[in-house]
Amino acid sequence: MRPAGTVFLLANAVMSAAGASRFRVQEIAAGLGVVYAVTAADVNADGKADIVAINPTQILWFENPGWTKHVVAERVTAHDNVAIAPYDIDGDGKLDFALGADWQPTNTSSGGSLHWVSHSGAVHDIATEPTIHRIRWIDVDGDGRSELVVVPLHGRGAAAPTWSNGPGSRILVFHIPANPDQQTWPAEVADSSLHITHNFVGVKGEIWVASTEGVFALKRQGDGKWSKRRIAEGKPGEIKLGSVKGARYLATVEPWHGNSVVVYKETPSLWARTVIDDSLSQAHALGWADFDGDGDDELAAGWRGTPWGLALYKLAGGAWKKTIIDDGVAVEDLAVADLNADGRPDIIAGGRATGNIRIYWAVK
């Protein structure tokens, strides 16, 4: 077994197909346990995008270009970390981290914690909410400074097997106070009507949420009240927004932890739904980008059930064509970023059963 942190290149690991993008695969870490989340951010302010990740007990970042592993903080709570979102929280010019932890997915009455962790690793508590699952920074009020949007997986009191009974998930928006390490963070509830809110994205200041009731956009009005509109049907778990041939497309995984990759093309009413693949096992991560440089986005999708893998979907000739990229990561999460500033976005994938992180370098 390779020691954790070993960096290597997979031999002959360039995936290609007619009209498809090609990737060179590099594993930068192994033996991490569940890699719950990966993202890209310039942690050390050197102008290069680093990789930020969490496993059950650690906040990690890997320094570009050598991918040296740094541990920011360990064992913030007794239960697992589950979500990470980098941001300069205290305004000192250094990157900090919002952290969702105390992950107890079937406990809808207690547990779930929210923290911010300074660049130096000091941990500050913000709030608790059962089944906190996803967090992102979005400027919902248009003041030029982002708010911390927090979405639990379930509402308080929801129960198996449907998880759709009882109250919906409280979608919370936290505002950074003037002194974030000493003051309580003001919070508002954007919505509490949706169930199994597995993931969300920010779109022009709105919160677009995937739920068992469909995809909904939440918007903060000038008076501080929130509106909700339905964008798409289905019962999605994952959600990402891309652009193909001048049209906006939403990609989802359906159902929650499901087998299908679904795309929705923007229309004046509910977006038009197309299932492009129904053969996956526990699909769990999506990412759009123009990997081949033709001006249109392609869709990366990863799944964590056996046999696990990572694939790319491209709209060509009126049909979505699938290319397998790799089967070496049981994909729990993925992110897209141009890590080497060559003008081509790359893919970062973190594994669940495989406990590893790989970079998929887009090859021109």
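Predicted model: local features only at pLDDT ≥ 70, side-chain atom pairs only at ≥ 80, totals over all residues.
The protein chain contains 29 strands and 0 helices. Its C-alpha atoms fill a box of roughly 55 × 45 × 40 Å along the principal axes. The radius of gyration is 19 Å. A compact globule of 364 residues would have a value near 21 Å, so the chain agrees with that expectation. Buried residues account for 57% of the 364 residues. Among contacts with a separation of 6 or more, 44% join residues 24 or more positions apart. The accessible surface comes to about 14200 Å². Carbon and sulfur atoms contribute 49% of that surface.

Strands β5 (residues 58–63) and β6 (residues 68–74) pair in the antiparallel sense. The pairing runs over 6 bridges. E63 stands opposite T68 in β6. The two strands form a hairpin, with 4 residues between them. W67 lies in the turn and has a positive phi of about 65°. R75 is not a glycine, yet its phi is positive, at about 50°. Its relative accessibility is 63%, above the 50% cut-off, so R75 counts as exposed.

A positive phi also occurs at Q282, a residue other than glycine, with a value near 55°. Q282 lies in the loop between β22 (272–277) and β23 (283–289). Its relative accessible area is 35%, between the 20% and 50% limits, and Q282 is therefore partly exposed.

Two cis peptide bonds are described here. One joins A160 and P161, with omega of about 5°. P161 is placed in the loop between β12 (147–152) and β13 (171–174). The other runs from T306 to P307, with omega near -10°. P307 sits in the loop between β24 (298–303) and β25 (309–316).

L95 belongs to the loop between β7 (83–87) and β8 (96–101). With a relative accessible area of 17%, under the 20% limit, L95 is buried. Leaving aside neighbours within four places in sequence, L95 is in contact with A41, D42 and V43, with P86, Y87 and D88, and with H119. E233 is 138 residues from L95 along the chain. The C-alpha atoms of L95 and E233 are separated by 37 Å.

Definitions and conventions
Residues numbered from 1 in each chain as written. Heavy atoms only, no water. Rg over C-alpha atoms; globule rule 2.2 N^0.38 Å. Buried < 20%, exposed > 50% of the residue type's maximum accessible area, 1.4 Å probe, protein only. Contact = heavy atoms within 4.5 Å. Areas by Shrake-Rupley, 256 points an atom, 1.4 Å probe, with all protein chains shown as cover. Pairing = 2+ DSSP bridges.
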